Amino acid sequence: MATTRKWLGVIIAALITLPGLALRLGLYHTSPAAEAVIYGVAIIGAAFMLSWAAEVFQLDVSQGLALAMLALIAILPEYVVDATFAWKAAHDPAQAALAIANMTGANRILIGIAWPLVVFIGWARWRQRRVELEPGHGLELVVLLVATVYAVIIPLKHSISLIDMVVLGAIFAFYIWRLSRLPAEPPHLIGPAETIGGLPTVPRRIVTAALALGAAVAILAVAEPFAEALIHTGTEFGIDEFLLVQWLAPLASEAPEFVVVSIFAWRGASGAAMGTLVSSKINQWTLLVGMLPLVYGISLGAASPLPLGGRQQHELYLTVAQTFFAVALMLDLRLHWYGAAMLFGLFVAGFVWPDHHMALAGVYVALAVVAVVVQRQGIREALRHVRGMFGQVT
């Protein structure tokens with residue numbers, strides 16, 4: 001009985017994914033609104049499984065690498081949704097705009113909502129006025145900065161090309177390679193993660209892999225129909241398709257990520273939660289962007305860049321500017337409550353003034369410069385640690 005109680009959380013998380021999987025397999029049918037709820041519950045169950053697997057995985061690899069793998073799995077739904085638009089764009093040019101809308105929406109939601117969410121949960125639960133990252137996460141912020149600097153040239157070219165894919169893919173590969181060489185440190189495990197972590201090495205690794213694989217399968221299976229169910233529900237209320245694709249679909253596909261980081265933050269691991277989000281941003285800003293011309297070219301049957309219209313260029317400029325500001329705020333490895341408030345406030349401003357993207361981008365860039373000047377001492381210390389990481393003998 002005691003053993004069953006220890007595993008009860010894992011059993012429940014696995015069981016609540018089953019109705020969503022059964023619905024996806026066509027074993028029963030219901031309304032779009034009910035589908036959204038059922039798929040959403042399945043995603044929550046899979047997200048809990050992912051969070052436990054990521055915590056236990058830190059017994060074998062560095063925290064940074066464990067969180068990077070968690071981030072990659074958690075945002076798989078976003079890859080599926082955006083790849084679908086890029087594939088269709090080869091035969092319907094209007095879909096190219098939707099692919100860019102979905103990608104920029106996903107990136108801006110991550111910084112504008114998820115980053116402030118971690119700070120808010122930390123304050124509400126633990127009265128923490130800021131989130132602090134471990135020094136090792138400085139590498140991730142530098143990588144994100146490099147990817148953002150490169151991203152500036154993409155809208156200038158009026159397209160996303162296979163060259164962009166190669167460069168952004170190389171940035172991501174370097175990031176993962178460097179994380180893989182960092183030493184593992186024993187994490188503080190609680191709840192189901194503690195139960196799994198207490199197993200002998202081989203069974204522990206088998207259970208951890210099974211949880212991660214099961215969660216990934218569940219997320220991949222229900223992500224696209226979850227987004228579609230939400231879009232169909234929104235359409236019934238007369239909401240514009242472009243807005244649904246840019247905001248509602250990414251919000252739905254980012255749901256596993258939101259649940260995972262909320263769990264971490266609620267448990268007091270706000271640093272790990274923010275580290276996961278930074279890893280997700282790197283994923284989306286390198287692999288997701290680079291994937292679009294590859295999928296588009298395969299569907300088209302020729303090596304061709306994904307074209308960008310005027311509106312898509314402005315969306316990318318705004319996304320680049322937002323990322324610059326977010327990185328500037330975090331380069332000293334801290335995100336204070338006022339920084340989180342500015343990220344959320346400026347994100348909301350994009351809805352209030354939807355036709356002033358370039359002006360808002362200018363505000364982001366100006367604030368980024370101010371943040372760097374104000375936090376220059378903390379930034380120097382963080383960058384000094386990053387240089388030390390490159391000098392480590394592993």
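This is a predicted model: local features need pLDDT of at least 70, side-chain atom pairs count only at pLDDT 80 or more; totals for chains, interfaces and linings use all residues.

**Stop 1: two packed helices**

Select residues 63–74, which form helix 5, together with residues 162–180, which form helix 10. The two helices pack with their axes 8 Å apart and at an angle of about 140°. Helix 5 is therefore oblique to helix 10, since an angle has to be over 145 degrees to count as roughly antiparallel. The crossing of these two helices is left-handed.

Next, display the side chains at the contact. Helix 5 contributes Gly-64, Leu-65, Ala-68 and Met-69, while helix 10 contributes Tyr-175, Ile-176, Leu-179 and Ser-180. Which classes of residue make up this contact of helix 5 with helix 10? There are 6 nonpolar and 2 polar residues, and no charged ones.

**Stop 2: Asp-60 and Arg-204**

The tour now turns to charged side chains. The model contains 7 salt bridges. Select Asp-60 and Arg-204, which form one of them, with the closest N and O atoms 2.8 Å apart. Asp-60 lies in the loop between helix 4 (32–57) and helix 5, and Arg-204 lies in helix 12 (residues 201–236), so the pair ties together parts that are 144 residues apart in sequence.

Are the two partners buried or exposed? Asp-60 is partly exposed, at 28% relative accessibility, whereas Arg-204 is buried, with a relative accessible area of 8%.

**Stop 3: Arg-108 and Glu-315**

Select Arg-108 and Glu-315. This pair also forms a salt bridge, and its closest N and O atoms are 2.9 Å apart. Arg-108 belongs to helix 7 (residues 94–126) and Glu-315 to helix 16 (residues 310–330), so that distant parts of the chain, 207 residues apart, are linked.

**Stop 4: Arg-334 and Asp-332**

Select Arg-334 and Asp-332, whose side chains meet in a salt bridge with an N to O distance of 3.9 Å. Arg-334 is partly exposed, with a relative accessible area of 25%. Asp-332, by contrast, is buried at 8%.

Methods
Residues are numbered from 1 along each chain as its sequence is written. Side-chain values use heavy atoms; hydrogens and water are left out. Axes are lines fitted to C-alpha atoms, for helices over the stretch in contact, and angles run from 0 to 180 degrees between N-to-C directions. Helices (H or I, at least four residues) and strands (E, at least two) are DSSP runs, numbered from the N terminus. Angles under 35 degrees count as roughly parallel, over 145 as roughly antiparallel, 65 to 115 as roughly perpendicular and the rest as oblique. A crossing is left-handed if the near helix is turned anticlockwise from the far one by less than a right angle, and right-handed if clockwise. Contact means heavy atoms within 4.5 Å. Ala, Val, Leu, Ile, Met, Phe, Trp, Tyr, Cys and Pro count as nonpolar, Asp, Glu, Lys and Arg as charged, and the others, Gly among them, as polar. A salt bridge is a side-chain nitrogen of Lys or Arg within 4 Å of a carboxyl oxygen of Asp or Glu. Buried means under 20% relative accessible area, exposed over 50%, partly exposed in between (1.4 Å probe, protein chains only).
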